[in-house]
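Walk through this protein chain with me, one piece at a time. Keep the 3D view open and turn it as you read.

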Amino acid sequence: MKTVTLNKMIDKLGLKNLIPEVETDGIEIHSAEINRPALQLSGYFEHFACERVQIIGYVEYSYLKSLDANAKMENYERFMSSNIPCVIYASRTEPDEEMLDLAKKYHKPLLYSERTTSSLMAEIIRWLNVELAPCISIHGVLVDVYGEGVLIMGESGIGKSEAALELLKRGHRLITDDVVEIHKVSDDTLVGTSPEITRHFIELRGIGIIDVKTLYGVESVKETQTIDMVIKLEEWDKDKEYDRLGLNEEYTEFLGNKVICHSIPIRPGRNLAIIVEAAAVNHRQKKMGYNAAQELYRRVQESINKNKR
C-alpha cells in the first residue's frame, strides 16, 4: 500500500502547525479520502473513518461552540484518542483550549489553513489521489504539446530526447526525460511525472546532461501532465505496412487504462518535432469532434456514389 508523509502534505499545501512541539515526523497518510468529523464531535462514532485526514470547517466549529462543556470534552476525548493522522482547521477557524490540550496529550497534530473548507478539501483530495495512485515507471519522454500530454517511446538511441529538445525550442514543455512515472488517478486519467533526481534534465548522446530549466527557462518545464497519447518511434522497415489513413485507432495500456498510440517509422530527413506537433493537434481535433480520416472517407464515398448514378 502506498503512503505519503504528513510533512510532505504540510509543505505542499502550505499548512501551519498550531502545536510545533507535537512531532509530525513519521506520520503517514494511507487514504486519499478525507473526513469531516461532525457526527463524531456530536457523539456518533460508528463507522468512523479515523484513518483519514480530519477537517474541521466553519459548520463544525460553530456547532462545537454551542455544546455543553461536559459533552464536548467527552466527544473530544474519544475523537483525539482515536488513530487519526491529523486535524486541519479550515476557513480561518481555530481550536479551543480543550482541543489544544488533548492534542498535546495524545500527540495529534493540529494544522491550520486560511482556505475555505470546500477549496481545501478539493485540493487535498486531488493531491492525495495523485500521490497515492498506483504507479509504474517506464522508459520514455513526456512532453506537453499544445496542452496534450505526449509520451514518446522507443528503443534507446532512436531519438526521443532529440525530438523533445526540438519541441522545447518550438515553445513546448518538458515533463520528464528517460524515466516516466505514471500514476493512475482514475479509470480515465493517467498522470505522468518525473523522478525527483532527474527532474528537468535531458541526456543527449555526445553532449551529456543538460539542465532544461536553466537553459530555456521555467516556462519550458512542467512537473505533471496527463498522458493523452503515445508515440512509438521505430526504425523504418520497408517490408512493413504502416497506417496511412488513421481510420482504425490503436491503443497501448498502462495500469489498465488504454491510451491512443501511433507508431512512427524513423528514417533520415523526417522532422520528428513537426510530426509530434501534428499528431497532438490532430488528437485534440478528434476530441473536439472532427476526424480528418473519417471526413476523407466520407468524401470518397460520396464521390463513388455520384459516379454510380
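Start with a pair of strands. β8 and strand β9, which covers residues 148–154, pair in the antiparallel sense, and five bridges hold this pairing. Find Val143 and look across: it stands opposite Val150 in β9. Keep in mind that this is a predicted model.

Now look at the turn of this hairpin. Two residues lie between the strands β8 and β9. Tyr146 sits in that loop. Its phi is positive, about 55°, although Tyr146 is not a glycine. Is Tyr146 buried or exposed, or something in between? Its relative accessible area is 41%, so Tyr146 is partly exposed. The cut-offs that matter here are under 20% for buried and over 50% for exposed.

Look for Leu255 in the loop between β16 (250–254) and β17 (257–266). Its relative accessibility is 27%, so Leu255 counts as partly exposed.

What holds paired strands together in general? Strands of a sheet pair through backbone hydrogen bonds, either parallel or antiparallel.

Next, move to an open sheet. Five strands form it, in the order β2-β7-β6-β5-β4, and the pairing is mixed. Which strands stand at the edges? They are β2 (16–17) and β4 (34–35). Each has a single partner strand, so one side of each is left without a neighbour in the sheet.

Strands β4 and β5 pair in the parallel sense over two bridges. Ile34 stands opposite Val53 in β5. The next step is from β5 to β6, again in the parallel sense, over three bridges. Gln54 has Val87 in β6 as its bridge partner. Then comes the step from β6 (residues 87–89) to β7 (residues 110–112). These strands run parallel, and three bridges join them. Tyr89 has Tyr112 in β7 as its bridge partner.

How are its faces covered? Val53 and Ile55 lie on one side, and Gln54 and Ile56 on the other. All four are buried, and both faces of the strand are covered.

Now turn to the helices. Helix α7 runs over residues 160–169 and is mostly covered, with seven of its 10 residues buried. Which residues of α7 are buried? They are Lys160, Ser161, Ala163, Ala164, Leu165, Leu167 and Leu168. An α-helix has 3.6 residues a turn, so residues three or four places apart point the same way. After α7 comes Gly171, whose phi is positive, near 100°.

Helix α6, residues 117–131, holds Ala122. At 47% relative accessibility, Ala122 counts as partly exposed. Compare sequence with space here. Ala122 and Gly140 are 18 residues apart in sequence, and their C-alpha atoms are 31 Å apart.

Asp25 lies in the loop between β2 and β3 (28–29). It counts as exposed, with 56% relative accessibility. Asp25 and Leu132 are 107 residues apart along the chain, and 19 Å separates their C-alpha atoms.

Finally, zoom out to the whole chain. Its secondary structure comes to 10 helices and 17 strands. Why is the chain described as more spread out than a compact globule? Its radius of gyration is 26 Å, well over the 19 Å that the globule rule gives for 309 residues. The C-alpha trace spans about 90 × 60 × 30 Å along its principal axes.

How much of the chain is buried? Buried residues make up 44% of the 309 residues. Take the contacts between residues at least 6 apart in sequence: 69% of them join residues at least 24 apart. The accessible surface is about 17200 Å², and carbon and sulfur atoms account for 48% of it. The chain has 39 positive and 48 negative charges, and the mean positions of the two groups are 8 Å apart.

Technical notes. Residues numbered from 1 in each chain as written. Predicted model: local features only at pLDDT ≥ 70, side-chain atom pairs only at ≥ 80, totals over all residues. Heavy atoms only, no water. Rg over C-alpha atoms; globule rule 2.2 N^0.38 Å. Buried < 20%, exposed > 50% of the residue type's maximum accessible area, 1.4 Å probe, protein only. Contact = heavy atoms within 4.5 Å. Areas by Shrake-Rupley, 256 points an atom, 1.4 Å probe, with all protein chains shown as cover. Lys, Arg positive; Asp, Glu negative; His and termini not counted. Charge placed at Lys NZ, Arg CZ, Asp CG, Glu CD. Pairing = 2+ DSSP bridges.
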